[in-house]
Amino acid sequence: MTSSKAGIRIEDLHLSFGATKVLEGINMVIEPGEFFAFLGPSGSGKSTLLRAIAGFGPTPHGRILIGDRDIANLPPWKRNVGMVFQSYALWPHMSVRKNVAFGLEERKMPAREIGPKVEAALETVNLLNLADRMPAQLSGGQQQRVALARTIAIEPQVLLLDEPLSNLDAALRVQMRRELLALQRKLGLTTIFVTHDQEEANTTSDRMAVLNKGVIQQIGTPQALYDHPANTFVAGFLGTANILNGTIQGQSFMTAGGQRLSVAKPVENASRIVLRPQNVQLTAAGGDIPGKVTHREFLGSQIRYLVETPDGQIIVDTLHSTGIPPYDEGAPVFLTIDSHSAPLLTD
Ligand SMILES: Nc1ncnc2c1ncn2[C@@H]1O[C@H](COP(=O)(O)OP(=O)(O)OP(=O)(O)O)[C@@H](O)[C@H]1O
């Protein structure tokens, strides 16, 4: 089963629900065949943006192009997009096979063509053996695969996924996100995946857009956004971050608490530095910054310490090896900070 690849271009998109602005000045280009994630906290506008591409919800201002077709004013069924919902939205009274055939029948495809297309879609998601079951006789993961098969059967140019894994338990989510990525790679379909789960976005997407309050904060690969956040929101939203205030002085960042941290590339007007918990070392003596352990959490592979310092609380992650963690709550410690390539922020 193949689909023609098409990119997506969104130009200066604005959208309101009545008087409430929900999306502002959205511009982005999604490359043909790319797996792209919309990531952001609850209410940031991810689903609204996805639905605007699908043709649901209030009509936005701005342009939405799939390939070189402006689809912003087309009804959903003329946009050639396939959408998978969090709830799966399967017909409970229809077998798996009928559910997958439904969209093709709606499109008035000749019956002799529908059978092979349904088989091919079910084969793609490894569900051919369950084709005659009813949805209620399937596990959550299997229902999700039916929803996917139903969507890819119509051979859309673009696949839109709205939190498709959030009804699954943790282990199945991990398995399904790998299956989803493998399927996307096999079909080469331009895909947008909405999630509020950064691990899900990090592990699947080629690139992602981080949204907050209806505004895109940054677009890039997961690693680029983690290593080079554009602002305090992105730094704090992706992973755990210690964000210290201060100023640039020569080749150093001088923290508000009086610590001089050397930086490779000083940024003029930088007022914050981002220290990831794994870039701080804890020692009993001989480090740069004195502190006191106020809390300790056992995370399995790591131990997380909260340490009170002249710059406030700093989170430190250390690798766990078998045995008793070395520092108790209340222990005096020293921190050594690897600040050389730590991101500097100006907002
Ligand atoms: N039908 C509606 N009428 C009015 N406001 C709405 C409507 N749907 C969504 N909103 C508002 O638009 C904003 C964005 O909602 P949206 O569902 O896009 O966010 P989200 O980032 O997808 O959040 P979540 O992860 O919780 O689904 C929210 O403030 C929400 O309250």
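Two strands pair if DSSP finds at least two bridges between them. Helices (H or I, at least four residues) and strands (E, at least two) are DSSP runs, numbered from the N terminus. The model is predicted: local features need pLDDT of at least 70, side-chain atom pairs count only at pLDDT 80 or more, and totals for chains, interfaces and linings use all residues. Residue numbers start from 1 along each chain as its sequence is written.

Start with the whole chain. Its C-alpha trace spans about 75 × 50 × 35 Å along the principal axes, and its secondary structure comes to eight helices and 20 strands.

Next, select the open sheet of six strands, in the order β6-β7-β8-β3-β9-β10, where the pairing is mixed. At the edges stand β6 (81–84) and β10 (215–220), each with a single partner strand, so one side of each has no neighbour in the sheet. Neighbouring strands of this sheet are turned by 20° against each other on average, direction ignored; axes are lines fitted to C-alpha atoms, for helices over the stretch in contact, and angles run from 0 to 180 degrees between N-to-C directions.

Now select residues 35–39 and 190–195. These are β3 and β8, which pair in the parallel sense over five bridges. F38 stands opposite V194 in β8.

Then turn to the helices. Contact means that the C-beta atoms of two residues, placed from the backbone, lie within 7 Å. Select residues 46–54: helix α1 lies across β3, β6, β7 (158–162), β8 and β9 (207–212), running at about 150° to β7. Finally, select residues 140–153, helix α4, which lies across β6 and β7 and runs at about 175° to β6.
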